[in-house]
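Here are my notes on this one, as numbered points.

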Amino acid sequence: MKFVISYSCGKDSALALHRMIKEGHTPVGLLVMMNKEAGRSWFHGVAPCLLEKIADSLGIPLIAVESTGEGYHTSMEDALGKTKQMGAECCVFGDIDIEEHFDWCAERCRNAGIEYRFPLWQQNREALTTELIGLGYHAVIKCVNNKLLPREYLGKELTAELVADLKGRGIDVCGENGEYHTVVLDGPAFRYPVKYALKETMDFGEYSAINIEIG
């Protein structure tokens, strides 16, 4: 099956991509929604130059779609419709167990006339995080919720030790509720490690993020 993946660049979408490829399916594109005003990807805040390098290392075409907050859903539906012309039979998502997310994504696909798949759906959050690390993926913490985690976590690589620390703090180790976001820069699906440099930290009130540039 040919598929497009809604790709945040984070660990869950990376694991969903890994599983689909392992099952023998063929990716035709990385669909990344871009904040038109900020000039970065929505939610994870990945800069275009880093996105392009990640896509090149994965060997999958980047489909960067600019949108406003109000037009996010229609922009995504339009993009999904166009991916069918690239041969995509379904769109893949890395969501795990939040029903509202599932319903929203499924509706976008239905409106665009494309199937959908959730390779990680309703699986154990901690087990999925452990699986990603065990496979050899390198996920760097890009954003943190300031109420739940100190900014010192920004730029750290997700390891078994860090997962244990998160668990000890009573934090969901998967970050499914927005406790933190990651950017995956190397692993089995990558043709080469994406070299990166950690830059300035930005405080947005409820969240903080670190700027990650090509190294």
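1. A disulfide here means a pair of cysteine sulfur atoms within 2.5 Å. Bear in mind that this is a predicted model. With that cut-off, the count of disulfides is zero.

2. Take Cys49 as one case. The closest cysteine sulfur to its own belongs to Cys9, and the gap is 12 Å, so the two are too far apart for a bond. As for solvent, Cys49 has 36% relative accessibility and therefore goes down as partly exposed.

3. Is Cys90 buried or exposed? Its relative accessibility is 1%, so Cys90 counts as buried.

4. Now the helices. H3 covers residues 72–85 and H4 covers residues 99–112; their axes come within 8 Å and cross at roughly 50°. Because of that angle, H3 is classed as oblique to H4. The handedness of the crossing, if you want it for your own comparison, is right-handed.

5. Which residues make the contact between H3 and H4? On the H3 side they are Tyr72, His73, Met76, Glu77, Leu80, Gly81 and Lys84. H4 brings Trp104, Arg108, Cys109, Asn111 and Ala112. Leu80 and Trp104 are among the nonpolar ones, while Glu77, Lys84 and Arg108 are charged.

Notes. Residues numbered from 1 in each chain as written. Predicted model: local features only at pLDDT ≥ 70, side-chain atom pairs only at ≥ 80, totals over all residues. Heavy atoms only, no water. Buried < 20%, exposed > 50% of the residue type's maximum accessible area, 1.4 Å probe, protein only. Axes fitted to C-alpha atoms, helices over the stretch in contact; angles between N-to-C directions. Helix = DSSP H or I, 4+ residues; strand = E, 2+ residues; numbered from the N terminus. Parallel < 35°, antiparallel > 145°, perpendicular 65-115°, else oblique. Left-handed = near helix turned anticlockwise from the far one by under 90°. Contact = heavy atoms within 4.5 Å.
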